[in-house]
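Let's take a walk through a protein structure together, one step at a time. Have a look at the model below, and keep it in view while you read.

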Amino acid sequence: QVHVVESGGGLVQPGGSLRLSCAASGNFDNIYYMAWYRQAAGNQRDLVASFTTGGTTNYADSVKGRFTISRDNSKNTGYLQMNSLKPEDTAVYYCQTIVTRFRQRYSYWGQGTQVTVSS
């Protein structure tokens, strides 16, 4: 079993910063892929940023230049540094982690962490 836990959300004023963390634990060989999604009320879940095992990063146009995704492989933890936050960034942020175990890949999701940008 693999557990994925997000943390770091909260209430921040426009222009502020937050750093989200995504910690994976359990029975797996390594993390193949990690991504952050967000879902605002009444909307679909959209990809925000992703990080492949090869080091390739990808960002949604709406967050380019403001958000940075990173990973600490020694801790099986990923991060999303969010700067210059805007009210439209308000959403529940979810971490998707794809791990490998016995050469197979498995996808897991965390429970989400709320980010609210408001004055």
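We will go from a sheet to the core, then to the salt bridges and the disulfide.

Before we start, note that this is a predicted model, in which local features need pLDDT of at least 70 and side-chain atom pairs count only at pLDDT 80 or more, while totals for chains, interfaces and linings use all residues. Residues are numbered from 1 along each chain as its sequence is written, and side-chain values use heavy atoms, with hydrogens and water left out.

Begin with the sheet. Strands here are DSSP runs of E with at least two residues, numbered from the N terminus, and two of them pair if DSSP finds at least two bridges between them. In general, strands of a sheet pair through backbone hydrogen bonds, either parallel or antiparallel. In this model, four strands line up as β1-β3-β8-β7 in an open sheet with antiparallel pairing. At the edges are β1 (2–7) and β7 (67–72), each of which pairs on one side only. Between β7 and β8 (residues 77–82) you can find six bridges, and Phe-67 stands opposite Met-82 in β8.

Where does Phe-67 itself belong? It is found in strand β7, and it is buried, with a relative accessible area of 3%. Buried means under 20% relative accessible area, exposed over 50%, and partly exposed in between, using a 1.4 Å probe and protein chains only. Contact means heavy atoms within 4.5 Å. Leaving aside neighbours within four places in sequence, Phe-67 is in contact with several residues, among them Val-48, Leu-80, Met-82 and Tyr-93. Phe-67 and Val-48 are 19 residues apart along the chain, and their C-alpha atoms are separated by 8.7 Å.

These residues bring us to the core. A nonpolar core is a set of buried Ala, Val, Leu, Ile, Met, Phe, Trp, Tyr and Cys residues joined through side-chain atoms within 4.5 Å. The largest one here has 28 residues, and those touching the most other members are Trp-36, Val-48, Phe-67, Leu-80, Met-82 and Tyr-93. Strands that each supply at least two residues of this core include β4 (30–39), β5 (46–52) and β9 (91–101). In soluble globular proteins, nonpolar side chains tend to be buried together.

Now for the charged residues. A salt bridge is a side-chain nitrogen of Lys or Arg within 4 Å of a carboxyl oxygen of Asp or Glu, and the structure holds three of them. In one, Asp-89 meets Arg-38 at 2.9 Å, N to O. Asp-89 lies in the loop between β8 and β9 and Arg-38 in strand β4, so this pair ties together parts that are 51 residues apart in sequence. Asp-89 also forms a salt bridge with Arg-66, the closest N and O atoms being 2.8 Å apart. Through shared partners, Arg-38, Arg-66 and Asp-89 join into one network. Is Asp-89 buried or exposed? Asp-89 is buried, with a relative accessible area of 0%. Lys-64 and Asp-61 form another salt bridge, at 3.1 Å between the closest N and O atoms, and Asp-61 is exposed, at 66%.

Last comes the disulfide, a pair of cysteine sulfur atoms within 2.5 Å. Cys-22 is joined to Cys-95, with 2.0 Å from S to S. Cys-22 is in strand β3 and Cys-95 in strand β9, 73 residues apart. Both cysteines, Cys-22 and Cys-95, are buried.
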